[in-house]
There are 2 protein chains.
Amino acid sequence: MAEEDKTSTGGSFSPLQTTDLVQQIARQIGDAIAEGRLKPAERLNELRLSQEFGTSRAPVREAARLLESQGLVVSSPRRGFFVRTLSAEDLRDIYDLRLGLELHAAELALEKIGDAEISALEEQIQRLYQLADEGSVEEQIFQDFVFHRMLCKFSGNARILKVYDDLATDMRAGITLIGKLYDDPHRIAETHLPILDALKARDVAKLREALHFHIAVARDQVVLLFERMNDVS
Amino acid sequence: MAEEDKTSTGGSFSPLQTTDLVQQIARQIGDAIAEGRLKPAERLNELRLSQEFGTSRAPVREAARLLESQGLVVSSPRRGFFVRTLSAEDLRDIYDLRLGLELHAAELALEKIGDAEISALEEQIQRLYQLADEGSVEEQIFQDFVFHRMLCKFSGNARILKVYDDLATDMRAGITLIGKLYDDPHRIAETHLPILDALKARDVAKLREALHFHIAVARDQVVLLFERMNDVS
DNA sequence: AAACTGTCAATTGTCGACAATAGTCAAAAT
DNA sequence: ATTTTGACTATTGTCGACAATTGACAGTTT
């Protein structure tokens, strides 16, 4: 997507990164939300944040606006910015959208991927197994996201990838909220195999079925755990 | 989606709307982009805009940030904000995403809509016919968007609706760019009927097929016209 | 005691200012 | 003639300041 006008004339130097304060701040706040360091409904105190970042309030506010239309924070006039709250319904919506998105992405990908891409996916599944062996649950969750992101990327549709990335942040936040309660890591790795098989076989129906199962299970589990968590508290 | 904490205590007064400068500015700029009043790659001159709005630059910049993560404008450090350019590829991506989104939305909707919703859709198609008779092409395009938005809304998934709205802005911008070259208005109205029929019959396969056809045709037409336009200029 | 009212500190929304940078245009050099 | 250099201007990125508003708390009334 839009590789922009690199003013580079083909020389051997790489452009030094422009600091871009706002983007940096937005990423940090976004990560903090995804990782649960900023909790739902928590208010973003502009002054405090700006002091932590060592800047003035202006870039912090702009970063907050960025996150706002991404849905990560909501603004209430004269009251400020708040970390958006996640309800079980929200999570269901998020996973349902992801389901539709990935079904479509995979279908598109099926038509254009070659051996290289399939190998990459296979490697990624290997990684999931490896992490299951090592017991690195956190890292496995992250690499799971990477797998599905690859699928979206292989659709060749930049817009789909962008929506996936937005969703991923929310899913991460949801999982973080729930805590590390999760399925058996080996089973998680395994459930990716049917997807790969269907891709290899170029079988659309099987692919849809495998993905549908995979994501619906994740959805139901996350929603269930989330509801249970809320009932307790 | 988070109806927020209305401080209203159930009295008979409705809360007066807080001006919310930033949102207002963002909407105006967004509309200007969708309507082609701000052309692709055009620079957003902050000073000029702030003067037009009668404000300072701060709220304009925040509005631009809002639009940025929505993808409507891009920011280049130290160079400012620019209206994003649309390539034929971008448009194809947009319509392909819309296709996947709406297929899924419709499938979800199928499970939960009742007679009231179906009637509403039927009415909307009536409106399309009426506008075709009147020759109101512009308005028909808009009401076409409304029809598909209803479909997304009936999915009951707020997140899907949000993505659709984002896409709609881009599609509008694309159509505006192309100009009013378009299909026969009556045919456009007609192609909505199979969708309605499938919904009435609660037939998922037919529904998918009808939608797929409908949207794919729109996609191919828009992309074709867009490419043709670019070749000429 | 409960509800209401007035006061006050904390925080936001917005502004104008200023340094740093990018683009422009003409003059100089090759 | 094309390219390079060097000022100059327009514009951005960021800051600190200030008025307006909110939420909290205490005092007052019923």
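Reply: Start with a definition. Two strands count as paired if DSSP finds at least two bridges between them. Strands of a sheet pair through backbone hydrogen bonds, either parallel or antiparallel. Keep in mind that this is a predicted model.

Take chain A first. Strand 1 (residues 43-44) of chain A is joined to strand 3 (residues 80-83) of chain A by 2 bridges. These two strands run antiparallel. Look at Leu44(A): its bridge partner in strand 3 of chain A is Phe81(A).

Now move to strand 2 of chain A. 4 bridges join strand 2 of chain A to strand 3 of chain A, and this pair is antiparallel too. Here Val74(A) stands opposite Phe82(A) of strand 3. Strand 2 and strand 3 of chain A make a hairpin, with 3 residues between them. Find Arg78(A) in the turn: its phi is positive, about 65°.

Turn to chain B. In what order do the 3 strands of its open sheet lie? The order is 1-3-2, with antiparallel pairing. Strand 1 (43-44) and strand 2 of chain B stand at the edges. Each has a single partner strand, so one side of each is left without a neighbour in the sheet.

Check the pairs one by one. Strand 1 and strand 3 of chain B pair over 2 bridges, in the antiparallel sense. Arg43(B) has Phe82(B) as its bridge partner in strand 3 of chain B. Helix 3 (residues 57-69) of chain B packs on the sheet. That helix touches strand 1, strand 2 and strand 3 of chain B. The direction of helix 3 makes about 110° with that of strand 2 of chain B.

Next comes the other pair. Strand 2 of chain B is joined to strand 3 (residues 80-83) of chain B by 4 bridges, and the two run antiparallel. Val73(B) has Val83(B) as its bridge partner in strand 3 of chain B. The two strands form a hairpin with 3 residues between them. Arg78(B) sits in the turn, with a positive phi of about 65°.

Which side chains of strand 2 (residues 73-76) of chain B are buried? The side chains alternate along the strand. Val73(B) and Ser75(B) point to one face and are buried.

Now step back to both chains. A rotation of 180° superposes chain A on chain B, with 0.0 Å of shift along the axis and an RMSD of 0.0 Å. That is the relation of a two-fold axis. The same surface serves both copies: 90% of the contact residues of chain A recur in chain B.

How many residues does each chain give to the contact? Chain A gives 31 and chain B gives 29. On the side of chain A, the elements that give two or more residues are helix 3 (57-69), strand 2 (73-76), helix 4 (88-112) and helix 7. Helix 4 of chain A gives the most, with 8 residues. By class, the side of chain A that touches chain B has 13 nonpolar, 8 polar and 10 charged residues.

Definitions and conventions
Residues numbered from 1 in each chain as written. Chains lettered and ligands numbered in written order. Predicted model: local features only at pLDDT ≥ 70, side-chain atom pairs only at ≥ 80, totals over all residues. Least-squares fit on C-alpha atoms with pLDDT ≥ 70 in both. Contact = placed C-beta atoms within 7 Å. Buried ≥ 20, exposed ≤ 12 C-beta atoms within 10 Å, placed from the backbone. Nonpolar A, V, L, I, M, F, W, Y, C, P; charged D, E, K, R; others polar. Axes fitted to C-alpha atoms, helices over the stretch in contact; angles between N-to-C directions.
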